[in-house]
Amino acid sequence: MLKMTHLQKIYRTHLIETHALRDFSIHVREGEFVAVTGPSGSGKTTFLNIAGLLEEFTGGEYWLDGVDVRGLNDNARSKLRNEKIGFIFQSFNLIPDLNLFDNVDVPLRYRGFGAAERKKRIEESLTRVGLASRMKHYPSELSGGQQQRVAIARALAGSPRLLLADEPTGNLDSLMARGVLELLEEINRQGTTIVMVTHDPELAARAQRNVHVIDGQVTDFEEDPRLREPRTAPSSHDARDVSAAAAN
Ligand SMILES: Nc1ncnc2c1ncn2[C@@H]1O[C@H](COP(=O)(O)OP(=O)(O)O)[C@@H](O)[C@H]1O
Ligand SMILES: [Mg+2]
């Protein structure tokens, strides 16, 4: 579903280079629920944003659902993102002036669905997260846990194969956090692949697999041993990284 090998991401400003991802390899299979942990600044968000095609990378390979992402232009990337990926953020990112129905509608309008199809998808996804009766309410009228459920409904409404969640329980108390995690587990059981970044070891322990990131690298592999092979020709990789960066 998601495969990155020797992925590299360098943020360049005129003064400094930050190596956010250094030699990042991961393979997430269809149907998995993977928790990503690691210290602050280790590259977790950078990884998720690249996985979600929100950011480019400077070297290495990324295959999403069988597609080599490097060869895609902006339009193709957006299309792939809209069709395959749902995003959930720590801060919910709901639009305060829109009620729940209209919040969930936003990405569906981008997808170009007709009104009847959108209404069906909105009602189904709000029902899935237990908020069908609140459709006309506004985000400010809900608890944090409920707001995150709306964000989950918004992510699900487009039927993504892959759900990416960046600290989805970071702003929630432990009871609400557990509720959101249970909802994500339910969604995973129904077939959606989930990659969740979390600070919370208790939540991470409940995922099928944990991936630990330190200093822009995955530190423990419980996966394809071929991903562990060292880079054989560092100099040629470096040359390719430079040309990849130049192409960006
Ligand atoms: N847009 C950016 N420009 C420059 N540096 C960045 C940018 N985004 C992240 N970084 C740097 O990349 C590193 C990894 O950041 P991040 O992926 O946000 O870590 P985490 O999510 O694990 O806390 C950090 O050193 C951070 O300062
Ligand atoms: Mg982060």
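Guide: Asp166 stands opposite Val197 in E8. This is a predicted model.

Visitor: Why are strand E7 and strand E8 said to pair?

Guide: Pairing needs at least two bridges. E7 (residues 162-166) and E8 (residues 193-197) share five bridges, so they pair, and in the parallel sense.

Visitor: What lies on the sheet beside E8?

Guide: Helix H6 (residues 174-189) packs there, touching strand E3 (33-37), E7 and E8. The direction of H6 makes about 150° with that of E8.

Visitor: What is the order of the strands in the open sheet?

Guide: The order is E6-E7-E8-E3-E9-E10, six strands with mixed pairing.

Visitor: What makes E6 and E10 edge strands?

Guide: Strand E6 (85-89) and strand E10 (217-218) each pair on one side only.

Visitor: Which helix lies across E6 and E7?

Guide: Helix H5 (residues 144-156) does, running at about 165° to E6.

Visitor: How do H3 and H5 pack?

Guide: Helix H3 (residues 100-111) meets H5 at an angle of about 35°, and their axes are 8 Å apart. The crossing is right-handed.

Visitor: Which residues make the contact?

Guide: H3 brings Leu100, Asn103, Val104 and Pro107. H5 brings Val150, Ala153 and Arg154. A contact requires C-beta atoms within 7 Å, placed from the backbone.

Visitor: What is the make-up of that contact by class?

Guide: Five residues are nonpolar, one is polar and one is charged. Arg counts as charged, so Arg154 of H5 is the charged one.

Visitor: Why is H1 called mostly covered?

Guide: A residue is buried if 20 or more other C-beta atoms lie within 10 Å of its own. Six of the eight residues in H1 are buried, so the helix is mostly covered. They are Lys44, Thr46, Phe47, Leu48, Ile50 and Ala51.

Visitor: What happens just after H1?

Guide: Leu53 takes a positive phi of about 60° there.

Technical notes:
Residues numbered from 1 in each chain as written. Chains lettered and ligands numbered in written order. Predicted model: local features only at pLDDT ≥ 70, side-chain atom pairs only at ≥ 80, totals over all residues. Buried ≥ 20, exposed ≤ 12 C-beta atoms within 10 Å, placed from the backbone. Helix = DSSP H or I, 4+ residues; strand = E, 2+ residues; numbered from the N terminus. Contact = placed C-beta atoms within 7 Å. Axes fitted to C-alpha atoms, helices over the stretch in contact; angles between N-to-C directions. Left-handed = near helix turned anticlockwise from the far one by under 90°.
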